[in-house]
Amino acid sequence: MPLTETGLKQPVKASAADMLKIHINPVPDDQKVEVALKHLNELGQKFRSLMITFESCTKCGACAENCHTYLGTRDPYNIPTNRADLLRKVYKRYFTPEGRFLGRFIGAKDLELEDLEKMFSYYYQCNECRRCSLVCPFGLDTCEVTMAGRQLLHWLGMVPKLHASVGAAMEKTGNHTGLPKPGLADTCEFLEEEMLDETGVEIKIPIDKPNSDVLYIPSSADFLLNPNTMMGAAKFFHYLGINWTMSSAIAEAGNFGLLFDQRATMRANCMRVIDEALKLGCKKVVWGECGHGWRTGKMYLPGMLDRPLRIPIVHIHDEVSYYIKNGALKLNKEVNNRPVTLHDPCNFVRACNMSETLRTVINASVTNFVEMTPNRERNFCCGGGSAILFDDPEMYDLRIKFSAKKAEQVRTTGVGKDGNGILCAPCSICKAQLYPMVEEHKLGVEVKGLIDLVGTALYPPVNK
């Protein structure tokens, strides 16, 4: 892990060559301050929500004890209001009358290169979980500041190598892992064989099938880390007899553009979904298990299109919930008889109002569901949100510290006391974070997706 001259912990930065792959030519150090101020002024003029957050925070401190990153590290810069101050002080100095005339006497600050390095460090320690907004007496969302700060840093050429690499892979192959079409097809064939061996039923995973009614957008991690989630979705569609397909050009529910570049990268990924749906003649898009990806599809995609959105876009959890409620799904919940607790992904419950949807599905799929405390929109982040999934040693150590509150929640449920429990994580990035978390904190649970449990309850293994 590189350390700056000020000793900050930072993720590995993308190189100039990495940045060129996502169409950014890094700004030279001697120009960074000038260019940053230009972009900060643009963000301030465009986003009133950002200005309200800058102007209205009284630094009451209510957010501190409700932020898992601060609770895990006790680093004062991880208090949401202090993290926001990194950008707020600079904005106040250059773009408010009192800041221009009184400067540091009112907490304003000149922008220097070391400030940009500090922003790079702490804006990539914020999981953008938005829990701070629940306890703020004014309802301020300091995630707005983190998102603006990351966008500004992107324009300067300061992006984690992980995020830039994912952006480049997405543009080249239509998924985060860089999996080409032949690899995708081979994996789907293998998963079809697995389902046949497990259930005795021939269940297909079609790719690029024209005139399908449904285009399913999986997470690419479902072909590598979470195969039971992909198989669960295939079982769901097969059970209902739905004419569906996935696309080799957009096998990715995630959208890292939300996490570092909302202007170009996020929009390009959104357009790819719609273009493929139209190309394949699909009547509906069903989104897979990815929290930030679904937030993008639900909250941002419709406003980014240059034409009317004529294809409904729904989440697979909502689809499953709908068919459970109308009696079309007959789930054998007894096959999932281990104790199960549910992690509420931040973007599902705080951004997309899915708390009760998740519970409709899990209660129909398992026999022994144990709630965490707190839960629903009050739930704590897994610690990996906004793709803070860095593997270099010191940043990995921070990831585990960020997960301490989540580990405490899981342990308190008691589902892992006999080493036989399940931690249900209905989000791809949450799973990627929770796999190592349960090992590091010795929680005695197995991480599974929600659609994994649905698939098992629809088609129980034949050897059980």
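Here are legends for a handful of close-up views of this structure.

A quick word before you look: this is a predicted model, where local features need pLDDT of at least 70, side-chain atom pairs count only at pLDDT 80 or more, and totals for chains, interfaces and linings use all residues. Residues are numbered from 1 along each chain as its sequence is written, and side-chain values use heavy atoms, with hydrogens and water left out.

**View A. A patch of negative charge on the surface, built from D186, E189, E193, E194 and D197.** Like charges are joined within 9 Å, taking CG of Asp or CD of Glu as the place of the charge; Asp and Glu count as negative, Lys and Arg as positive, and His and the chain ends are not counted. One of the group, E189, sits in helix α11, residues 181-199. Helices here are DSSP runs (H or I, at least four residues), as are strands (E, at least two), numbered from the N terminus. E189 counts as partly exposed because its relative accessibility is 45%; that label covers the range between buried (under 20% relative accessible area) and exposed (over 50%), with a 1.4 Å probe and protein chains only.

**View B. A nonpolar patch on the surface made by F101, L102 and F105.** For a nonpolar patch, the side chains (Val, Leu, Ile, Met, Phe, Trp, Tyr) are joined within 5 Å. L102 belongs to helix α6, residues 97-102, and with 44% relative accessibility it counts as partly exposed.

**View C. The buried residues of helix α7, residues 113-123.** Look for D115, L116, M119, F120, S121, Y122 and Y123, which are buried. Their packing partners are α2 (29-46), α5 (80-95) and α9 (143-156), where contact means heavy atoms within 4.5 Å.

View D. The peptide bond from T373 to P374 is cis, with omega near -10°. R376 has a positive phi, near 55°, and is not a glycine; at 25% relative accessibility, R376 counts as partly exposed.

**View E. K59, a non-glycine residue with positive phi.** Its phi is near 55°. You'll find K59 in the loop between α3 (48-56) and α4 (68-73), and it counts as partly exposed at 45% relative accessibility.

Key. Patch = residues over 30% accessible without salt bridge, like charges linked within 9 Å, V, L, I, M, F, W, Y side chains within 5 Å. Areas by Shrake-Rupley, 256 points an atom, 1.4 Å probe, with all protein chains shown as cover. Salt bridge = Lys/Arg side-chain N within 4 Å of Asp/Glu carboxyl O.
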